[in-house]
Amino acid sequence: MVHGDIYPPDRIESALTHYFRVGNLTALREIALLWLADRVEEGLQRYRAQHGISAPWETRERILVGLSGGPEGDTIVRRAARISARTPGTELLGLHVVAEDGLTGADPAALDAQRTLLESLGGSYHQTSGEDVVEALLQFAEAENVTQIVLGASQHGRLVSVLRAGTGERTIKGSGSIDVHIVTHEEAAGPAAPRLPHPSRGTGPRRYWSALAGAVVLLPLLTLLLTALRNPLDLSSDLVIYLLAVVVVALIGGLYPALFAAVAAALLADYYFTVPVHSLAMERLNEVIALVVFLSTAALVGTAAGEAAQRTHRAVRATSEARALSRLTTAMMRGQELTALIEQIRENFGLTAVSLLERDPAASPEPRW
C-alpha cells in the first residue's frame, strides 16, 4: 500500500488512518475464518453423507435443546446456554417438533417467547414435524451432528412413567454416543394428571400396534369378567360389552384392528356364551343372528372410525404445513436470505435435502441446476 499498489498516493494516508486499522482488520480476519469454518463443515457433512456415517463427529460442540412450548422452556434454554458458554465455539440450537398426529399442545405465545430468549442467548431456533417426537428429535440431531441434547424432566406421575416411557427416557435409549442432559424444573415437582388419547386423532404405526396389543389383552380380560357374571347377564348383554371394546379399539387403531377385535370377540362369545358352551357350534337361530349383527356393526364402526382418524390425520398435517408456509412467507417478506429459507423448508417438512431449480431465460426452456 505504501508503494501505491493498492490505492493512489493521495488516498494512502486516508485509507491507513480510517479503514485499515487493527480493529477492522481483526474483524475481517474473524469473518474470513468463520466463512472458512463453514466451508470446511460443509465438506465434512458431504463426506459423512457419501460414506453413510451417522455417528456424530465431535468436531464442534453442538448443543440441542428440546422445546415443547411448556412453562419449563425458559429454564431449559438458560441451562443449555450455560452449558454452551463453558466451551468456546459451541453452537446452540433449539428444536420444536410438531407431531403429525396432533398430539402437540404447545402454546404459540410461550413458544415464541422461548424462541426470542434462545436467539437472545446466541442460539438458533428450528422446527420440524414428525409422527414420533423422539424419532424426529434424534433424526435432527444426527443430521446436524449434535453432540449434546438438553431436555426437561418429565411431568408425568410415577404410574404413567411405569406404563409408558417418557420422552427423556426414550431419547436416552436411542441417542447412542450423544450425551443427553435431563434438567429438572419447578413444573416437574408435582405429577400431572394422566391424559387419555383423543379418539379422533390420526392413526399411525404406534397407534395401530397399540390397538392390536390392547385387543389381545382386553378381550380375554372381558371374557373372564363376563364368565364370572354369566348368571345375571345374557348373550345380548355380553355382545354389547364386547362391542364397546371393539369401538375403543377402532377409535385407537382404525379399521383393521377393529376387524380383528370383532372376529376375536365373536369367537369368544360363541365359545363361552352360546349353547353348547365350549364349542363353536350354535344351535339357536337367534344366537346366530345376534353374532352376525354384532360382526356387521363392528365392521361398520371400525370403517367409520378408521376413515375419521385418517381424515383428522390429514387435516392436522395440512394445518401444520399451512402454518409452516405462513412462517416462510413472513420470513420472505422480512427479506430473509434464500439459503436460510431453503434450510427452513427442509426442517419444517422433515426432508433430507432440498434442491432449487432455476430457469435460465437465455438458454433452452429446460430448467438447470
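This is a predicted model: local features need pLDDT of at least 70, side-chain atom pairs count only at pLDDT 80 or more; totals for chains, interfaces and linings use all residues.

I began with contacts, which I take as heavy atoms within 4.5 Å. Among contacts between residues at least 6 apart in sequence, 69% join residues at least 24 apart.

Residues are numbered from 1 along each chain as its sequence is written, and side-chain values use heavy atoms, with hydrogens and water left out.

Next I checked burial (buried is under 20% relative accessible area, exposed over 50%, partly exposed in between; 1.4 Å probe, protein chains only). Of the 369 residues in the protein, 32% are buried.

Then I looked for nonpolar cores (buried Ala, Val, Leu, Ile, Met, Phe, Trp, Tyr and Cys residues joined through side-chain atoms within 4.5 Å). The largest one holds 24 residues, and Leu 219, Tyr 242, Val 246 and Phe 294 have the most contacts inside it. Helices H8 (205–228), H9 (235–253), H10 (255–273) and H11 (285–333) each supply at least two of its residues; helices here are DSSP runs (H or I, at least four residues) and strands likewise (E, at least two), numbered from the N terminus. H10 gives the largest share of this core, eight residues.

I followed Phe 294 and found that, leaving out residues up to four places away in sequence, Phe 294 touches Leu 239, Tyr 242, Leu 243, Val 246, Ala 262, Ala 265 and Ala 266. Apart from this core lies another, of 15 residues, including Ile 63 and Leu 117.

Last, I visited Glu 144, in the loop between helix H5 (133–143) and strand E4 (148–152). Is Glu 144 buried or exposed? Glu 144 is buried, with a relative accessible area of 18%.
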